[in-house]
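Hello,

Here is the structure for your files. My notes on it follow below.

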Amino acid sequence: MPGMAEPLLDRALRASRRLRVNGEARAHYVICGQDPLVYWVVRALRGSEPQAGRLRITLIVPTRQRSPAPDGRDLPGVEVIRADRLDEHTFRRANLAGAAGLALLHQDDVGNMHAALCAQEVEPGLRLVVRMFNTGLANGVRQIFPDSAVLSDASIAAPAFVAAALGEVAPTHFRHGGRTLYLARREDVRANEVVCGVADTRDPQQELVLPADDRVADVVLAEAAGRPVGTELAARRLARARRRRRPVTMVLRAIRSFATRKIGITVILLLAVVGLLGGLYANAAHVSLADAFYLTLVTTLTGQDPDTAKGAAEQVVQVILNLAGLALIPLITAVVVDGVVNARLALHTGRILPERSGHVVVVGLGNIGTRVMAQLNDFGVEVVAIDKNRDARGAGLARRLGVPLVVGDAAEEETLRAASVATCQALVVVSTDDGANLRAALNGRTINDQLSVVLRLFDGDFAERVQRAFGIGTSRSVSYLAAPSFAAALLDRAVIATIPVGRHALLVTEVAVAAGSALDGRPLAAVGKTGSVRLLAHARPGQRYDWSPDHRLVIVAGDRLTVVARRAGLNALLREAAPPEEITPPAGTPPLPREPDESA
């Protein structure tokens with residue numbers, strides 16, 4: 001028990017700091033980073049309070065030129081500090097001492113770790129949220145910083161891209177209250193396994209999330225009753241992912257890439273000259289075509305002994321053939337050397353690959369592409385990866401998993417054809433360049449107009465316009481999907497799971513009801529809101545979860561509500577479950593008279 005006292009004391013100290021910062025009743029959060037994840041985290045934080053003024057947000061960004069994507073610095077009410085180093089001096093400039101939390105959101109695991117150590121010197125009891133690609137470092141971070149959360153935006157968002165590529169619901173599963181729940185289509189589960197309806201996705205133009213009637217939802221949360229989550233999905237995908245090799249096509253592609261275009265043209269022209277001279281030689285020597293062919297080859301490749309008895313025309317042709325032979329022999333050597341080099345490069349870069357069918361092509365092996373590739377491989381789906389850099393972050397993992405890697409620009413048709421895009425089941429384009437992603441998607445559609453494309457775009461408005469204009473089925477934003485988990489961790493609120501459905505991100509979380517809150521004393525029926533919030537389970541203090549509660553039951557202080565909700569709905573529910581705001585009298589206001597003591 002003594003070991004638990006200090007964390008509880010730290011939380012109490014932080015809670016007291018949240019009540020008043022610089023004379024104002026505002027909580028102070030410091031966020032470090034420069035990409036769309038920062039933008040969406042700031043928006044999620046501001047939406048978590050009934051009034052944005054109750055939060056004070058300081059954003060630390062590099063002084064170098066900013067990227068074109070939004071990063072939160074232009075949002076109203078956000079204090080911006082520019083600094084290239086996240087050290088103690090920078091954190092003191094940001095008034096980190098006394099802050100309620102710090103979020104380190106740069107895409108640099110080592111840099112974030114160094115910044116966390118510097119922040120600890122300024123504020124030892126700080127709530128820390130760290131973005132890391134290598135989540136294997138999480139345990140080490142938690143040992144150094146007990147009150148911390150280590151999250152990977154790629155890990156959070158990858159299931160949504162995998163699901164869109166496979167034409168399935170996101171393979172989301174989580175354990176809560178002694179149950180393992182997962183997202184599934186209603187047709188794939190038994191009726192008694194359904195916990196609640198999540199969405200009606202049968203009409204893509206009018207996707208209905210958290211409908212009032214559970215029975216109309218075709219996507220549901222179900223309980224994993226005795227069978228491993230994802231087994232059925234993996235079996236279905238594995239049955240479709242059959243490798244189809246075409247030996248003749250393979251040989252032709254190898255021959256085509258054996259030599260460069262210029263050398264090939266030169267060889268063809270020289271052979272044509274030799275053939276023409278062979279015909280003239282046959283006419284001059286008065287021999288048959290077969291004998292002329294033999295004599296021509298011997299003369300060209302080895303040369304013949306001079307013979308003055310021959311006629312003038314025959315002697316001239318022989319001299320010219322010898323000259324042609326002098327050019328042909330080194331040219332043949334050049335072709336062989338160039339062909340061997342090109343073949344080795346083609347094999348190394350993946351340009352010579354067997355024809356495939358039913359596979360998934362993943363463009364970009366950065367953070368998110370690496371996670372998508374690994375999850376698809378876990379499901380037994382054949383994957384071909386494309387990246388400009390043969391030493392990309394996920395290239396080593398691709399080699400270990402046996403995933404072919406095509407090194408080249410995915411915006412070029414040649415690169416896409418090398419990955420057999422014409423016969424793949426989906427093209428997942430997840431590089432960090434919106435323009436390159438769009439070009440790759442459009443070129444993929446040029447090769448196969450029925451191709452299913454999953455496109456990563458940072459700008460949500462641009463994504464919607466692209467979807468409408470070009471008919472690209474699905475576009476995702478990694479930052480939008482991951483931001484709620486980061487914001488909740490910063491606010492010390494546990495997000496149990498994030499469920500991507502179409503362009504929506506639903507959150508599963510537990511909400512504690514405070515005494516005197518708006519929910520205290522109201523029935524459970526007041527929790528649910530159509531299209532916004534759905535109650536999953538209810539628990540009294542110290543009791544187990546009731547997964548089928550009576551909605552007439554009255555809520556009391558201390559109750560725990562497990563809900564699945566959209567962001568706005570969850571923010572509204574958190575405000576209703578929060579304690580009433582304390583009204584601070586203006587300075588100089590005399591204290592209220594004490595009530596008489598009834599026991600006196």
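This is a predicted model: local features need pLDDT of at least 70, side-chain atom pairs count only at pLDDT 80 or more; totals for chains, interfaces and linings use all residues.

Residues are numbered from 1 along each chain as its sequence is written, and side-chain values use heavy atoms, with hydrogens and water left out.

The chain exposes about 30000 Å² (Shrake-Rupley method, 1.4 Å probe). Carbon and sulfur atoms supply 56% of that area. The secondary structure comes to 18 helices and 21 strands (DSSP runs numbered from the N terminus: helices are H or I, at least four residues; strands are E, at least two). Among contacts (heavy atoms within 4.5 Å) with a separation of 6 or more, 66% join residues 24 or more positions apart.

Now the helix packing. Two packed helices are described by the angle between their axes and the distance between the axes. Axes are lines fitted to C-alpha atoms, for helices over the stretch in contact, and angles run from 0 to 180 degrees between N-to-C directions.

Helix α6 (residues 153-166) packs on α17 (residues 478-490) at about 130 degrees, axes 8 Å apart. The pair is therefore oblique (under 35 degrees is roughly parallel, over 145 roughly antiparallel, 65 to 115 roughly perpendicular, the rest oblique). From α6 come Asp153, Ile156, Ala157, Ala160 and Phe161; they meet Val478, Leu481, Ala482, Ser485 and Phe486 of α17. These residues divide into eight nonpolar, one polar and one charged (nonpolar: Ala, Val, Leu, Ile, Met, Phe, Trp, Tyr, Cys and Pro; charged: Asp, Glu, Lys and Arg; polar: the others, Gly among them).

α6 also packs on α12 (residues 367-378), at about 55 degrees, with axes 8 Å apart. This pair is therefore oblique. α6 passes α12 in a right-handed crossing. On the α6 side, the contact includes Ala154, Pro159, Val162 and Leu166; on the α12 side, it includes Asn367, Arg371 and Leu376. The contact residues divide into 10 nonpolar, three polar and one charged.

Is asparagine 448 buried or exposed? It counts as buried, because its relative accessibility is 16%. Leaving aside neighbours within four places in sequence, asparagine 448 is in contact with Val421 and Ala422.

Best wishes

Conventions
Buried means under 20% relative accessible area, exposed over 50%, partly exposed in between (1.4 Å probe, protein chains only). A crossing is left-handed if the near helix is turned anticlockwise from the far one by less than a right angle, and right-handed if clockwise.
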